[in-house]
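Hello,

Here is the structure I promised to pass on to you. My notes on what turned up in it follow below.

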Amino acid sequence: MRRAVAALFLFGISFGYVEAAVVAYLRAIYDPIRQRIHPERGPNDLFPLITSQQLADAGPENARRLVTEIGREAATMVMLAAVALAVARSLHQWIAAFAIVFGVWDISFYAFLKLLIHWPDSLATWDILFLIPLPWVGPVWAPLLVALSMIVCGLIALRSDGLRGTPLQWTGVLTGAAVIIIAFVWDFRNTTAGGWPNPFNWPLFLIGEAIGLSAFLAAARRHGASKPQVYPGSRKPRGS
């Protein structure tokens, strides 16, 4: 397990740097376009977003870059899933390993962005997180909280040999994840139209976190209770 966790952390940290470097290059390409369209915006502001029409008007190569960027995001998820698969021996371990490497990658990404381009200005700074299937936006605090939750839960699950919960418990975990995603895309009509983001839907986000974590902890308690108890100094389970 130690070697597997070390590999996941090393990959997540190094891939976080690669992702931050790509964003640094993209900022150099798109910031001049943003400045022409929104001269009133600050140099580090990502919003208002450039609309698809504005992007096309700036040159056909920009529309092609957007398609490339969406493909890169999809490939990123495949790479994280692939390295998790390489260290896992079962489906449950794969999910746990993916949660760990995803969380480490996301936190490392923001740390290296701060190092490379001195962004974000604070944890309250708004970011665009993903483009698939809709733009995910929110303050940096939110994805970092999700990433930290994924790392902690992934480590617990991996240590438990891929934690196996009931269908109801895993439905709760997936429901919590879905609610969190809805919180991130809640304002997509406004942001994709070039508007300034409305206040982040923290209540919905925290409800999603609470549902997912409660379901996971219930699965962890059930898994721990199902293990045979052993008397101190004895190799025999109780009741044997």
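I will start with a salt bridge: the side chains of Asp31 and Arg34 come together at 3.1 Å, N to O. The term stands for a side-chain nitrogen of Lys or Arg within 4 Å of a carboxyl oxygen of Asp or Glu. Asp31 and Arg34 are 3 residues apart in helix H1, so about one helical turn separates them. Arg34 is buried, with a relative accessible area of 11%; buried means under 20% relative accessible area, exposed over 50%, and partly exposed in between (1.4 Å probe, protein chains only).

Before I go on, a word on the source: this is a predicted model, in which local features need pLDDT of at least 70 and side-chain atom pairs count only at pLDDT 80 or more, while totals for chains, interfaces and linings use all residues. Residues are numbered from 1 along each chain as its sequence is written, and side-chain values use heavy atoms, with hydrogens and water left out.

The overall layout

The protein has 8 helices and 2 strands, in the order α-α-α-α-β-β-α-α-α-α along the sequence. These are DSSP runs numbered from the N terminus (helices: H or I, at least four residues; strands: E, at least two). The C-alpha atoms fill a box of roughly 75 × 35 × 30 Å along the principal axes, and 42% of the 240 residues count as buried.

More on the salt bridges

The structure holds 3 salt bridges. In one of them, Glu19 meets Arg72 at 2.8 Å, N to O. That pair links distant parts of the chain, with Glu19 in helix H1 and Arg72 in helix H3, 53 residues apart. Glu69 also meets Arg72, at 2.5 Å, N to O, and these two lie 3 residues apart in helix H3, about one turn of the helix. Both Glu69 and Arg72 are buried. Shared partners join Glu19, Glu69 and Arg72 into one network, and Glu19 is buried as well.

Helix H3 (residues 60-87) also holds Asn62, which is buried at 2% relative accessibility. Its side chain makes a polar contact with the side chain of Arg65 at 2.7 Å. Such a contact is a pair of N or O atoms within 3.5 Å; within protein, one must be able to donate a hydrogen and the other to accept it, and residues adjacent in sequence count only if both atoms are side-chain atoms.

Aromatic rings

A search of the whole structure finds 17 aromatic pairs. One of them is Phe11 with Phe15, a tilted pair at 5.5 Å centre to centre and 45 degrees between the planes. Rings of Phe, Tyr and Trp (its six-membered ring) pair if their centres lie within 6.5 Å; planes under 30 degrees apart count as stacked, over 60 as edge-to-face and the rest as tilted. Both residues lie in helix H1 (residues 2-37), 4 residues apart. Phe11 is partly exposed at 24% relative accessibility, whereas Phe15 is buried at 8%.

Phe184 and Phe200 form another tilted pair, at 5.7 Å and 35 degrees. Phe184 belongs to helix H6 (residues 167-185), and Phe200 to the loop between helix H7 (188-192) and helix H8 (202-226). Phe184 is buried at 4%, and Phe200 is buried at 10%.

I hope this is a handy start.

Best wishes
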